[in-house]
Amino acid sequence: MMSVLFVLLAFLFCACSNSENLSVSGQDAPVEVSEDSLSGMLRIKAMGATAILGTNSENARVIEHPSMRVKFEYDYSLGVHEVTCGEFDSLMKPATGLALNCVQDSLPATNVTYYDAVLFANERSKAEGFDTAYTYTSASIDAEGHCTNLEGFAYHPEVNAYRLPTEAEWVLAATWNWNPQNGWTAENSDYKLHQVCGKVDSLAKSNELCDMAGNAMEWVNDWLGNFRDTTLENYVGAPDGGALGQRIVKGGSYRNVAESVNLFSRGDVYTVTSSTRADYVGFRLAFGSIPDAVWMGDDGRANSSRIIPLANSATIRSLVGTYKAKLAFRNDLSGNLAFIDYSSGIISVVEIGDSIEVYHPEISPDGKRVAFCTGLEGVSGKSELYVRDLNAEGSNLVKLKVESAAIPRWHVLENGDTVIVYVTDAGNNKEESAFKSTSTWQVKFSNGKFGTPQKLFDGAYHGGISDDNTLAVTGARLLRARIAKEGSTLTGKARDTVWYKNGEDAEQACNASLAKDGSKRTLFLDFGGKTGRSFVGKSYATHERLLIADSTGKLLQSVAAPAGHTFDHSEWAGGAENKVVATLVNSNGVHQRIVLVDLFDSSITDLLQGDEIWHPNLWTQSYSMNNESGWNLDSIGEYRGNTNQTSNLLYEKMPMLWEFRDSAEVVGLGNSHMWTGFDPHFIKRNAVNLGVVPCDMHCIEYLFSHYIVNHYGKLKYLVVSLDFDLWYNEDPERDISISMGDALGFRYDINHDFWPQGVDESFVDLVRQKAVAESEGQIERLGCLASEFTGGWVNLETGLAEIIDDSTWSDNANTYKSNIAALENVISLAQSLDIVVVGVIFPISPAYAESGAYGRHGMRRSHAEKIVGYLNSLDDVHSHFVLMDENKMGEHDYPNDMALDYDHLNKRGAEQISRRIDSLLNSLE
């Protein structure tokens with residue numbers, strides 16, 4: 001499978017039998033299925049029916065728990081069979097140029113990404129005169145013509161169009177006449193795709209769906225989210241894909257045994273994302289709108305609306321110059337604070353749910369906290385001011401204990417103190433006496449606590465204070481300014497005035513925001529008054545234009561909103577030159593989108609789409625290109641790729657790689673067996689586990705020759721996992737490019753020859769500062785992800801060990817010879833440096849000895865025996881290579897309680913093999 005991350009967490013274990021499916025997953029009663037006017041479709045009479053998603057079986061994965069009921073208040077259409085190669089090519093080749101390598105036109109269209117599937121759905125909708133269910137702003141296409149990303153992607157359930165079925169729709173339809181024994185599975189498929197509806201009796205009825213179980217596994221529409229023990233109506237999945245951006249596939253394929261194909265399974269042996277492709281994954285189409293669609297996030301709250309990110313990290317960086325950016329805003333439907341952290345590489349909206357109303361959020365200068373209030377600009381009355389950490393929990397919430405505080409703005413004083421400037425009332429400032437009765441204050445904020453508030457001056461100047469403390473602005477009907485007299489400050493000699501006048505008449509203005517770049521420019525919105533019309537040269541509607549004035553109130557620039565829209569809640573983007581963030585309001589008054597406006601060229605980029613999203617605040621980390629040590633701060637440590645989800649693992653190991661460069665005597669490199677099975681805690685010398693997924697011998701050679709050799713001066717032993725069952729990759733760059741993606745940190749290292757002169761502590765500190773929390777945890781545990789869970793060597797339901805690939809791949813010796821060559825290169829280089837390479841064959845299920853396959857990935861046992869023989873010959877020939885065969889073709893001494901699953905050790909197994917590795921190293925001294 002391409003562009004995927006092998007999930008090896010404690011919950012990943014054997015598939016469950018079909019024996020109890022109908023009691024835990026499916027539907028309450030059969031639905032009526034009838035012919036449809038749409039070609040190749042059947043009508044599913046779902047109104048009033050209930051589908052059961054997930055299961056309560058103890059043998060199922062965490063993502064499949066618990067059982068959840070979905071009630072339908074609509075009917076829909078579903079394809080009789082999976083979309084065929086011929087159907088796919090007939091639409092996609094003329095539309096996008098993508099053509100699949102079809103052996104037969106009647107085979108399911110597979111090896112397609114989720115995005116390929118939705119683009120096909122759009123093409124069929126357009127071909128038949130329907131609107132499209134999916135929208136996007138731009139598409140990323142790989143060298144083979146497949147779509148790997150749709151920027152600004154959004155699904156619109158209200159549109160009557162072709163689309164992928166939801167998981168609930170798929171399960172409801174599949175339960176009717178569910179029979180995996182009658183599908184193309186590992187027992188009868190000869191490990192290959194078959195013509196759709198190719199089973200002898202699969203068209204016994206004219207209204208029967210084909211191949212719901214087996215043949216090709218199928219994409220469904222939903223993001224992968226958690227279930228709850230509840231009932232939802234018209235459920236359409238999670239609002240986003242979470243940290244890994246995961247999708248759902250259903251139905252099993254020709255590679256799976258029938259007993260393991262069930263209704264509740266939601267994934268594959270690998271993590272499935274929108275860019276995943278596999279030659280056993282295809283799709284079928286659904287048709288129809290979904291009224292009052294409901295999403296449910298990981299917080300367990302069901303919502304009839306969602307917020308859709310429309311820009312990824314790469315786009316943000318191209319706009320503001322760095323990945324280090326965060327966007328905070330108010331979800332007006334819930335009243336909650338929500339945010340996106342673009343630096344994570346995974347674009348997901350996080351909402352902090354509590355009972356506190358959130359208005360005017362502003363992110364702190366260091367990007368770690370957010371201040372907000374409970375009052376709204378233009379509305380008089382008491383307001384409370386809070387600060388909390390900008391994380392999913394909204395932790396360390398503190399309240400400023402004053403009578404009223406509104407519209408907080410962070411400000412760094414000349415002495416370095418960080419303060420929050422606020423006003424006592426943010427109401428209408430038109431009346432002079434009422435305005436003077438309000439005041440502007442500041443309060444120091446340090447170590448998570450407020451200091452003592454200090455009054456600055458009369459008047460509610462909530463638009464901001466300049467860095468030199470000589471200008472303050474506000475706008476809530478009138479654009480007012482407080483200007484310090486020469487040689488003084490705002491708290492000394494200063495005058496209050498009103499800007500934006502037509503003669504002596506002050507015109508209406510609002511949303512004033514003072515630039516944070518020292519230019520003292522004021523951003524504001526107006527009501528289409530004479531002054532603005534005169535400057536622009538034509539009439540315009542209220543809030544239809546952003547206006548920018550200089551430090552004297554003179555207009556400098558104007559930017560028009562897109563046709564049919566107006567602006568609201570406009571603010572300067574912190575740390576980004578000449579950028580403005582604002583909400584776009586449609587003709588019906590809905591605050592529908594948050595956008596970034598570039599004042600250099602007046603371009604507007606969509607950031608978010610939602611039903612009512614207010615008060616955006618964009619923070620960016622302002623990096624100079626080089627710090628005192630000369631490191632590029634916008635590249636160093638940026639090891640997470642932004643187009644490839646599988647880069648996450650290597651990203652999390654890189655801080656540890658640098659951390660142990662001067663101390664480690666033993667380094668472990670390899671794939672999942674190494675990652676979960678080698679525990680450095682049981683090695684009686686400084687050791688570190690740098691195993692990642694994916695990482696074949698090409699990847700091991702790359703990391704060893706470029707990083708380890710250059711920086712691990714005390715290294716004595718290199719321990720590598722010999723996972724030859726995975727050596728089907730002939731391309732040396734594949735696993736390397738998958739793990740590195742497009743990450744700037746790797747490009748930075750490559751461009752500097754991997755720092756042959758070494759790196760200093762400031763380099764390592766900067767890398768660690770950019771590490772995610774999971775990385776720090778793995779550093780403390782020396783990189784091993786050994787699990788306490790015992791899944792056992794076989795599936796308890798079937799008594800089998802899973803085989804997921806066709807064994808014929810190993811008939812071509814060239815597929816694994818390139819990996820053998822990489823191993824020989826590693827041994828040769830290690831010997832020149834007096835480093836001993838210990839090649840470990842990790843134990844796998846002894847049940848494979850009863851099959852024709854060596855292990856999970858299907859290599860023939862006869863080929864595996866030859867490779868083991870060759871590895872033994874390398875041990876004989878090379879003084880710096882030692883083979884440690886702990887599998888012994890399945891005749892090992894690792895009992896069932898040491899197995900995580902058919903292919904991996906758990907914590908007890910990791911302890912045993914690690915102690916044996918330690919004994920071997922001691923014997924080599």
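Axes are lines fitted to C-alpha atoms, for helices over the stretch in contact, and angles run from 0 to 180 degrees between N-to-C directions. The structure is a predicted model, in which local features need pLDDT of at least 70 and side-chain atom pairs count only at pLDDT 80 or more, while totals for chains, interfaces and linings use all residues. Residues are numbered from 1 along each chain as its sequence is written, and side-chain values use heavy atoms, with hydrogens and water left out.

**Exercise 1. Packing of α2 and α3**

Task: Determine how the axes of helix α2 and α3 are placed, and which residues make the contact.

Solution. 

Step 1. Helices (H or I, at least four residues) and strands (E, at least two) are DSSP runs, numbered from the N terminus. Helix α2 covers residues 85–96, and helix α3 covers residues 114–127.

Step 2. The two axes come within 10 Å and cross at roughly 85°. Angles under 35 degrees count as roughly parallel, over 145 as roughly antiparallel, 65 to 115 as roughly perpendicular and the rest as oblique. α2 is therefore roughly perpendicular to α3.

Step 3. Contact means heavy atoms within 4.5 Å. From α2, the contact uses E87, F88, L91, M92 and A95; from α3, it uses D116, L119, F120, E123, R124 and A127.

Step 4. Ala, Val, Leu, Ile, Met, Phe, Trp, Tyr, Cys and Pro count as nonpolar, Asp, Glu, Lys and Arg as charged, and the others, Gly among them, as polar. On this scheme the contact of α2 with α3 has 7 nonpolar, no polar and 4 charged residues.

**Exercise 2. Packing of α10 and α15**

Task: Describe the crossing of helix α10 (residues 697–711) and helix α15 (residues 814–832).

Solution. 

Step 1. The axes of α10 and α15 come within 8 Å and cross at roughly 25°. α10 is therefore roughly parallel to α15.

Step 2. A crossing is left-handed if the near helix is turned anticlockwise from the far one by less than a right angle, and right-handed if clockwise. The crossing of α10 and α15 is left-handed.

Step 3. On the α10 side the residues are M697, H698, E701, F704, S705 and V709, and these meet S818, N819, A822, L823, N825, V826, L829 and A830 of α15. This contact divides into 8 nonpolar, 5 polar and 1 charged residues.

**Exercise 3. The nonpolar cores**

Task: Identify which residues touch the most other members of the largest nonpolar core, and which residues F283 contacts.

Solution. 

Step 1. A nonpolar core is a set of buried Ala, Val, Leu, Ile, Met, Phe, Trp, Tyr and Cys residues joined through side-chain atoms within 4.5 Å. Buried means under 20% relative accessible area, exposed over 50%, and partly exposed in between (1.4 Å probe, protein chains only).

Step 2. The largest core has 84 residues, and I44, F88, W219 and F283 touch the most other members. Helix α3 gives the most to this core, with 7 residues.

Step 3. Apart from this core lies another, of 69 residues, which includes L669, L722, A864 and V868.

Step 4. Leaving aside neighbours within four places in sequence, F283 is in contact with E82, V83, F88, A109, V112, A117, F120, L164, E218 and W219.

**Exercise 4. Helix α4 and the residue N177**

Task: State how many residues of α4 are buried, and whether N177 is buried, exposed or partly exposed.

Solution. 

Step 1. Helix α4 (residues 167–175) has 9 of its 9 residues buried.

Step 2. N177 follows α4 and is found in the loop between α4 and β12 (217–223). At 49% relative accessibility, N177 is partly exposed.

Step 3. The phi of N177 is positive, about 65°, although N177 is not a glycine.

**Exercise 5. Loop residues**

Solution. 

Step 1. Beyond four places in sequence, the contacts of Y461 include V423, F435, R480 and D496.
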